[in-house]
Amino acid sequence: MKVFPYRTLAGEVALRVTAVKQDQKDLHTSVFSGDERVVALHQVERDDWTYARIGVTATLPVKELDEGPWQDVSVVLVLTEKATNARTTAVLRPRGSDNAEWTGRIRLWRAAHRSQAELSVSVVATVDGVPGRIIGGSEDNWVVDLTARTPVRRRELQINEVDFATGSEEWLRPFKDAPWIVETSGDLPTVHLNTGFEGVSELLNSGGAPLERAVRDMLATQIATDIWTAVFHSAVSDLELDEEGNPEWPGGWRDAVLRGMLSDVLPGMSGIDALSEIHARRRESSGWNELQPRISYAAGRRAKVARNLGTAIRVLDASQKASKA
Amino acid sequence: MTDKPEPLPDRLALLSDINAVKHIGMGVRSGRENPPYIELGRQVTSLPDDDVRLRVEPVRDLIDDVMHLYPPAERTRADAWLAPRLHATLRLTRREAADEAMWNHLALAVAPDYLVWRHLPAKGKDGLPPMVSASRFRGAHYTQGFSRLWWAAELFRNGADYAPAVVACGNQDVLNTLLRLDIIDHRPTAQAMIRLVADGVARTGREVNALATVANAAAGTLLYDVLAEDDDWYGDALEAWVAGADSAPVVSRRRLPDGPADDPVSAPAVDTLAERFRELFQDAPVRGRTAPPEG
């Protein structure tokens with residue numbers, strides 16, 4: 001928890017998107033979702049737009065604001081994307097008489113963004129004579145997704161079904177004998193599923209009989225374990241250091257992976273301590289080998305190995321009994 | 001030492017991380033082996049072939065020139081020369097530059113010899129021969145050998161004026177420290193920090209580190225965007241610049257080229273922040289500095 005040397009807002013600052021325009025054209029409200037807090041800019045599937053305009057309303061805890069020690073309150077909408085180092089801000093204006101709702105809009109230039117931008121709001125005021133102090137902000141930020149067709153939070157994983165031998169991605173050719181390949185570089189980890197490997201995608205998309213389902217789940221589990229192991233190693237090896245040489249939380253999916261898995265890999269250590277420990281172990285290679293079973297355990301947990309394996313064993317058992325009978 | 005690629009590809013393309021990484025071995029990093037140029041040619045994903053910006057030749061000419069202009073002993077000075085010229089030659093949007101696969105391609109298939117020339121250390125570590133760090137071939141925007149130069153030019157230019165980017169690239173501590181800070185994504189913040197460097201207020205590695213630390217820490221409670229408001233950015237100038245690539249002459253080797261004609265950063269905003277950073281810096285602990293300088 002961050003400590004501020006002055007009083008900040010305790011009440012909630014909420015942000016919601018109210019309208020989206022692409023160039024001059026209003027987009028249907030189905031391009032954004034308040035539940036998912038996502039704007040999907042690719043719903044119209046055009047690549048020739050120049051900018052999008054996003055209209056928002058922020059709701060402030062007005063009673064607290066009135067009674068608090070803050071002057072010159074302003075509300076600022078902030079649009080950023082790490083991949084392009086883009087940062088745009090827009091000042092919101094109060095609407096109505098009680099200053100509870102602040103509205104405004106911000107422009108997102110396509111040339112300055114690539115995949116997922118984050119939209120948040122900051123409340124700024126003069127505190128104890130110091131202007132520009134951040135006194136609050138939205139906790140639940142919005143994602144503006146330039147590649148999504150529907151406004152849902154992207155999964156932590158992309159699945160690309162492609163024939164390794166004949167597909168357009170030439171770099172996959174050398175792997176044509178593999179049923180799948182996990183790629184952990186880039187915005188999101190991707191599992192490339194080889195449709196040229198006979199039976200794999202049919203099996204994964206199969207339903208039907210219990211035995212079929214059990215095998216499918218086992219395969220899915222194996223792929224998932226592979227993925228979790230790969231993303232964990234990738235996240236640990238890409239850690240960036242601050243000026244003092246301490247590792248920093250990496251952001252994006254790597255952040256989620258580390259925060260989720262470290263508690264299983266280094267049980268009993270929390271947060272930044274676990275991050276420093278894992279970084280030190282990897283860098284110095286001492287105790288790194290000993291951690292491998294824990295990493296595989298953590299990956300397996302996430303892939304629900306135990307449950308799927310259990311189901312599979314039960315089903316196989318039952319089908320063997322049935323065939324013997 | 002690494003040879004110039006033969007055959008040299010005609011066009012920039014995308015080389016996925018997976019394919020890039022497998023060629024960044026000790027042999028390539030130490031300059032004792034060439035990357036497998038022919039094999040690399042088969043592993044790339046092509047980009048639209050009607051885009052003049054993606055021609056390899058103008059970029060490769062720049063690389064040849066920079067290695068000719070600077071003797072190996074002065075190679076760190078080459079960054080300030082190359083960064084604005086690379087930026088002005090490629091004419092990329094940030095959207096395009098954010099694709100690391102293109103930088104991978106540049107690093108391995110177009111100019112690995114430059115990376116070895118520029119980044120090979122004098123001594124090896126742990127009994128190994130001297131090797132270029134793998135992150136110069138494939139890495140974040142502030143470490144990869146080419147994208148760091150492009151992003152430095154992009155984030156530190158003041159509209160069409162690359163001069164602040166030249167200051168940034170002329171000091172390795174600035175390039176290594178400031179380029180990785182998120183706060184420089186706010187244009188007045190970037191310009192204010194460069195002004196302190198240009199004025200000689202923060203010059204040494206320790207001073208630049210201290211400046212980065214105080215400015216970054218203060219951003220935890222202060223919203224610089226409000227203290228020093230920048231004008232809205234419009235994409236038109238960039239679009240025109242990209243479109244003008246067709247008819248643009250080769251960038252000057254002597255004069256500093258012009259960047260996209262974005263509006264310059266608001267001057268009062270830069271003044272405000274530069275003053276603020278100056279005050280913060282004077283009170284900052286700098287290793288090796290016994291008393292705060294006068295002021």
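In the predicted model, the side chains of A:R87 and B:D225 form a salt bridge with an N to O distance of 2.7 Å; a salt bridge is here a side-chain nitrogen of Lys or Arg within 4 Å of a carboxyl oxygen of Asp or Glu. This pair crosses between chains, running from strand β7 (residues 86-95) of chain A to helix α15 (residues 224-227) of chain B. Helices (H or I, at least four residues) and strands (E, at least two) are DSSP runs, numbered from the N terminus. A salt bridge also joins the side chains of A:R114 and B:D99, at 3.2 Å from N to O. Between chain A and chain B the count is three salt bridges, while a search of the whole structure, over all chains, finds 28.

The size of an interface is often given as the accessible area lost when the parts come together. Chain A and chain B bury about 3300 Å² between them, and 51% of this area is on carbon and sulfur atoms. Buried area denotes the accessible area (1.4 Å probe) that two parts lose on being put together, summed over both. The contact (heavy atoms within 4.5 Å) takes 42 residues from chain A and 41 residues from chain B.

Helix packing was examined within each chain. Axes are lines fitted to C-alpha atoms, for helices over the stretch in contact, and angles run from 0 to 180 degrees between N-to-C directions. Angles under 35 degrees count as roughly parallel, over 145 as roughly antiparallel, 65 to 115 as roughly perpendicular and the rest as oblique.

In chain A, the axes of helix α3 (residues 210-237) and helix α4 (residues 252-265) come within 9 Å and cross at roughly 105 degrees. The two helices of chain A are therefore roughly perpendicular. The residues in contact include A:W228 and A:F232 of α3(A) and A:W253 and A:R254 of α4(A). By class, this contact has eleven nonpolar, one polar and one charged residues, where Ala, Val, Leu, Ile, Met, Phe, Trp, Tyr, Cys and Pro count as nonpolar, Asp, Glu, Lys and Arg as charged, and the others, Gly among them, as polar.

In chain B, the axes of helix α4 (residues 56-69) and helix α8 (residues 112-119) come within 10 Å and cross at roughly 30 degrees; α4(B) and α8(B) are therefore roughly parallel to each other. Their crossing is left-handed, a term used if the near helix is turned anticlockwise from the far one by less than a right angle, with right-handed used if clockwise. B:R60, B:I63, B:V66 and B:M67 of α4(B) make the contact with B:D113, B:Y114 and B:W117 of α8(B). Five of these residues are nonpolar, none is polar and two are charged.

Helix α13 (residues 187-198) and helix α17 (residues 267-282) of chain B pack with their axes 8 Å apart, at an angle of about 55 degrees, and are therefore oblique to each other. The crossing of α13(B) and α17(B) is right-handed. Among the residues that meet are B:P188 and B:M193 in α13(B) and B:L273 and B:F277 in α17(B).

Residues are numbered from 1 along each chain as its sequence is written, with chains lettered from A and ligands numbered from 1 in the order in which they are written. In this predicted model local features need pLDDT of at least 70, side-chain atom pairs count only at pLDDT 80 or more, and totals for chains, interfaces and linings use all residues, while side-chain values use heavy atoms, with hydrogens and water left out.
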